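Please look through the structure below.

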Amino acid sequence: MWARAVLLGHRSWMGWHRGFTSKTDPQGSGRVTAEVIEHLERLALVDFGSQEAVARLEKAIAFADRLRAVDTEGVEPMESVLEDRCLYLRSDNVVEGNCVEELLQNAHRVVEEYFVAPPGNISLPKQDEQQPFSHN
Amino acid sequence: MAAPMLRGRCLGRCWALACIDSGSRHGRGAATGFTSSGKRGQSFVAQQPLLTAQKSRKGEHKWAAVVGLEIHAQIASNSKLFSGSQVHFAAPPNSLVSFFDASLPGTLPVLNRRCVEAAVMTGLALNCHINKKSLFDRKHYFYADLPAGYQITQQRLPIAVNGSLAYSVCVGKKWRQVITKTVRIKQIQLEQDSGKSLHDELRSQTLIDLNRAGVGLLEVVLEPDMSCGEEAATAVRELQLILQALGTSQANMAEGQLRVDANISVHHPGEPLGVRTEVKNLNSARFLARAIDYEIQRQINELENGCEILNETRSFDYKLGCTVPMRDKEGKQDYRFMPEPNLPPLLLYDTASLPAGADPQQVINIDRIREQLPELPSETREKLIQQYGILPEHSFALLNEVGLLEFFQNVIKETRAEPKKVTSWVLNIFLGFLKQRNLAVNESPVTPSVLAELLNLLDRKVISSAAAKQVMDMKRGNPRAINKLIGLVRKVTHNRADPTVIKEILEKQLSS
């Protein structure tokens, strides 16, 4: 499951961080540093639980890198496969809402009619504090 | 652009301005308006910062501050930006939330036409170039009040760019000269608001209300063309008035409909810009200028003590009156912007490019919107000056209070007194009367007709100025009593009567 999440996250990412592979390894051997892994885990809340997971990420990057074989010089990037569709405009009427009971049904904890969340953001433990490759 | 010089430790004192809390219904605070005696009340225009005579210990150091703003205005619409749930302040928690707002799987965003129109109107009013094609993106970060884990915004290609906002600054010793300053608008974009977090320190938990999640926002980005808190506050005030005139946002800071973040840095003129800090969530008009000036001074102090400024995010502590670093911001945020895959590009048209036979509900014509733009505050002020010959600063004051302009115009209609007289009465005596009793214009027991009558009597020299003031003031502003009094006076003075007689009558009535 997380491998797919990684791949999806990665694809959209590629567009914005073209220099990624060169950042990890200028020679192009495709190694991803522990620093980058930690950064990714923090950003996307995915867990690279094992060395295999990291290897899979590296393979995925190498696979996607083949896109570079295509010469896109002077070609406008496609923003969306929907780019020639019409963006539907909705009238400004109130047609939904008023379903607080249904919404709270799946909430783990509720106080009056509020969802309950932990205070602020819980920071991830640092790399050295974590057990490096523990399986969930 | 001439940036004011700030010497050494002491920030040039900017005169308190921009009747800053007039965004709220009751313009509480000191009376606005200028009198020829130079009475300094809170007003609407910024003063340029004064140079102080003080020299710093190290000799003369000139600092210039650079202030940019990111302003979020809640769009005045019935439903939210991408869903059909209601937009309303103060409702039972989570009652105005649709499945999309709660980010339940399987839901998709559907763009609200009214929000797009509001963005175009605002862009046009601020002299922006409207992008005929704009795009939506996802900005990712984790927080409990952002159920999707991302906010839909317009980072790459927003709906409007490259505009300007003009605001007025008083110069000179007697504030007579009003000069116009401009701040460039980098862009205006449509984006979603997040829900509200209520922190419960005691039980170590946060309560989440998603009523606000998904409400449409206009983010207006102002370039760092401002140089002190007062300029920033005045620009914000003018933007508030424009949004209210357009009807695109009620822009009430007290109700969270207008929120401001400031980007502040200091440098020596001629040298490169300094490191900037971001001061977030300046949600009070009253404290906006103060917070910015505090941060400017803090940075100057730090640099003069040989310390460095960190590129960090801070928030303003209203109780302590200072900016403090915000927790939860570890290093620079990486928002992982990506195109919103569920929304095609937003296309806008003008009369020339409008596709034939298009469904009018589904297309937005920029030209049509431009034609229907209401009168902007700057135009209204200009008209007042032209029509009634009043001073520019008075035209500002008339627009600075909700309902005051209408009141003024109604009085003018019914009275033969000179506009300058009416202006003086409305801005000084009437407004002062309201402030004393903490009333809004629409709560005034003194109606335009009553004031018009009073001014007529004054004009005909039937009653004295002092008597007129007394009438307004008397009997805790009971309107019936005032009318009765006026009626009495008129009856008695069918022909011009002896002023002492009038005075007696009035005094008798007033004392009873």
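Q: Which residue forms a salt bridge with Lys435(B)?
A: A salt bridge is a side-chain nitrogen of Lys or Arg within 4 Å of a carboxyl oxygen of Asp or Glu. For Lys435(B) the N to O distance is 3.2 Å, and the partner is Glu401(B).

Q: How many residues apart are Lys435(B) and Glu401(B)?
A: Lys435(B) is in helix H8 (residues 419–436) of chain B, and Glu401(B) is in the loop between helix H6 (392–399) and helix H7 (404–414) of that chain. Helices are DSSP runs of H or I with at least four residues, strands are runs of E with at least two, and both are numbered from the N terminus. The pair links distant parts of the chain, with a separation of 34 residues.

Q: Are Lys435(B) and Glu401(B) buried or exposed?
A: Buried means under 20% relative accessible area, exposed means over 50%, and partly exposed lies in between (1.4 Å probe, protein chains only). Both Lys435(B) and Glu401(B) are buried.

Q: What kind of model is this, and how is it numbered?
A: Residues are numbered from 1 along each chain as its sequence is written, while chains are lettered from A and ligands numbered from 1 in the order in which they are written. Side-chain values use heavy atoms, without hydrogens and water, local features need pLDDT of at least 70, side-chain atom pairs count only at pLDDT 80 or more, and totals for chains, interfaces and linings use all residues, as this is a predicted model.

Q: How many salt bridges does the whole structure hold?
A: Side chains of opposite charge can pair when their charged atoms come close. One network of such bridges with shared partners joins Glu295(B), Arg298(B), Glu312(B) and Arg314(B). Over all chains, the search finds 22 salt bridges.

Q: Why does the salt bridge of Arg156(B) and Asp137(B) tie together separate parts of chain B?
A: The closest N and O atoms of the two residues are 2.5 Å apart. Arg156(B) lies in the loop between strand S8 (150–153) and strand S9 (160–171), and Asp137(B) lies in strand S7 (residues 137–140), so the parts joined are 19 residues apart in sequence.

Q: How many residues of helix H3 of chain B are buried?
A: This helix (residues 285–304) has 20 residues and reaches 30 Å from its first C-alpha to its last. That is close to the 28 Å expected at 1.5 Å a residue, where the expected span is 1.5 Å times one less than the number of residues. H3(B) is mostly covered, and its buried residues number 14.

Q: Which element of chain A has the lowest mean pLDDT?
A: pLDDT is the predictor's confidence in each residue, from 0 to 100. Chain A has a mean of 75, and 66% of its residues reach 70 or more. Strand S1 (residues 89–90) of chain A has the highest mean among its elements, 97, and the lowest, 42, belongs to helix H2 (residues 20–24).

Q: How many disulfides does the structure hold?
A: A disulfide is a pair of cysteine sulfur atoms within 2.5 Å. Cys115(B) is in none, and its nearest cysteine sulfur, that of Cys128(B), is 17 Å away. Cys115(B) is buried at 0% relative accessibility, and Cys128(B) is buried at 11%. Over all chains the number of disulfides is zero.
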